[in-house]
Amino acid sequence: MTEPPTPPNAGFEPPAYGAPPAPPPAYPPPPPYGYPPGYGYPSYPAGPRPTNTFAIISLVCAFLFAPLGILFGHLSLSQIKKTGEEGRGLAIAGLVIGYLVTTATVLMIIVMAVLVMAVARDMDTYYDDRRTVSASPTEQLDDLPKFKPPATLGSNCQYPATSEPASKPAKPPRTGKVPTTPEFISATVTTNRGTIGLQLDNAKAPCTVNNFVSLAKQGFFDKTVCHRLTTGDELGVLQCGDPSGTGTGGPGYRFPNEYPTNQFRLSDPAMKKPLRYPRGTLAMANTGLGTNGSQFYLVYEDSALPPTYTVFGTIDAAGLDTLDEIAAGGVAGGGDDGKPATEVRIESVRVG
């Protein structure tokens with residue numbers, strides 16, 4: 001006998017009446033409000049930190065004005081420590097350069113001060129040509145030193161230009177080596193008061209004689225006045241050679257001293273001591289060492305002067321007679337130093 005088929009819902013037991021329904025399947029919790037990480041636009045890192053302005057200023061000022069570079073360098077480091085800005089390297093560079101430049105500047109100032117003091121001491125040997133530098137009437141003066149030719153005598157004569165223009169058009173004489181022969185060169189100064197003969201000492205002062213001869217041949221001295229006469233006990237000279245007649249004029253150039261200056265060291269105290277420039281001496285006038293130009297002294301009485309005036313010749317007997325007559329006329333205004341009371345005018349200077 002066959003068994004009946006099993007119904008489709010066989011074995012299913014319905015839930016008991018009133019029992020709770022089965023729980024729903026588990027699902028992951030919903031995401032929190034907003035976008036999850038990585039969703040949407042990507043995130044970007046923070047931008048670079050700004051560079052401290054004072055650091056830049058410090059480096060620039062270190063080159064322009066070092067103390068300001070140091071000041072801004074310290075301010076910059078202080079700000080960077082507080083704000084975390086960039087620029088520490090710039091600030092340190094500004095400080096280092098600022099300190100180095102400041103130190104170098106201070107050292108340079110010290111060196112310059114020492115040099116200025118040294119030059120000031122040497123300037124004590126400079127004398128203005130209007131100053132009477134002499135011994136007292138009772139002091140015994142030493143004679144000019146014996147001439148010892150320097151090794152460079154006449155080997156490199158130079159006549160650099162001055163800041164003051166020439167009082168009368170003139171060309172500088174030839175430069176470089178000049179001959180020391182012949183030993184003497186004759187010259188004649190013709191004035192409205194008489195003739196003055198000269199012997200130019202080419203063997204002792206070739207650069208100075210080279211200058212005098214050049215100016216004479218150019219007519220530089222012609223039609224000029226001798227602007228100064230001294231008649232004191234220690235100084236007796238007639239000063240000529242300035243076309244302006246003021247005592248400040250010249251040819252527009254200058255040149256170094258020769259004998260007797262070149263017989264001394266420049267630092268030698270003897271450079272300040274007056275010596276006897278004997279009657280009949282022809283010497284250059286100047287305002288200090290190396291400032292020779294065109295003005296010259298005709299010494300008619302033994303005179304006391306330091307050895308900073310180049311001797312470059314002698315005056316003949318007839319010329320000294322003429323100078324004695326001029327000196328006898330005195331100084332304008334009755335003093336012992338100034339313009340001659342009667343004008344002394346050079347008509348011409350001829351060489352040879």
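Guide: The exposed residues Thr 53, Phe 63 and Leu 64 sit on the face of helix α1 that is turned away from its buried side. The model is a predicted one. On the buried side of α1 are Ala 55, Ser 58, Cys 61 and Ala 62. Viewed down the axis of α1, these buried residues fall within an arc of 130°, and therefore they line one face of the helix. Helix α1 covers residues 53–64, 12 residues in total, and spans 17 Å from its first C-alpha to its last, close to the 16 Å expected at 1.5 Å a residue. The N-terminal end of α1 is capped by Asn 52, which places a side-chain oxygen 3.0 Å from the backbone nitrogen of Phe 54.

Helix α4, residues 206–217, contains Thr 208. Thr 208 counts as buried because its relative accessibility is 0%. Beyond its neighbours within four places in sequence, Thr 208 contacts Phe 255, Glu 258, Met 284, Thr 310 and Phe 312. Helix α5 (residues 317–328) lies across β3, β5, β6, β9 and β11, and runs at about 125° to β3.

As for the strands, 10 of them form an open sheet with antiparallel pairing, in the order β4-β13-β2-β3-β11-β8-β9-β6-β5-β12. Strands β4 (224–225) and β12 (337–338) stand at the edges with a single partner strand each, so one side of each has no neighbour in the sheet. The pairing of β4 with β13 (residues 345–351) is antiparallel and runs over two bridges; Val 225 stands opposite Arg 345 in β13.

Definitions and conventions: Residues numbered from 1 in each chain as written. Predicted model: local features only at pLDDT ≥ 70, side-chain atom pairs only at ≥ 80, totals over all residues. Heavy atoms only, no water. Helix = DSSP H or I, 4+ residues; strand = E, 2+ residues; numbered from the N terminus. Buried < 20%, exposed > 50% of the residue type's maximum accessible area, 1.4 Å probe, protein only. Contact = heavy atoms within 4.5 Å. Pairing = 2+ DSSP bridges. Axes fitted to C-alpha atoms, helices over the stretch in contact; angles between N-to-C directions. Expected span 1.5 Å × (residues − 1). Arc of directions from axis to C-beta. Polar contact = N/O pair within 3.5 Å; in protein donor to acceptor, adjacent residues only side chain to side chain.
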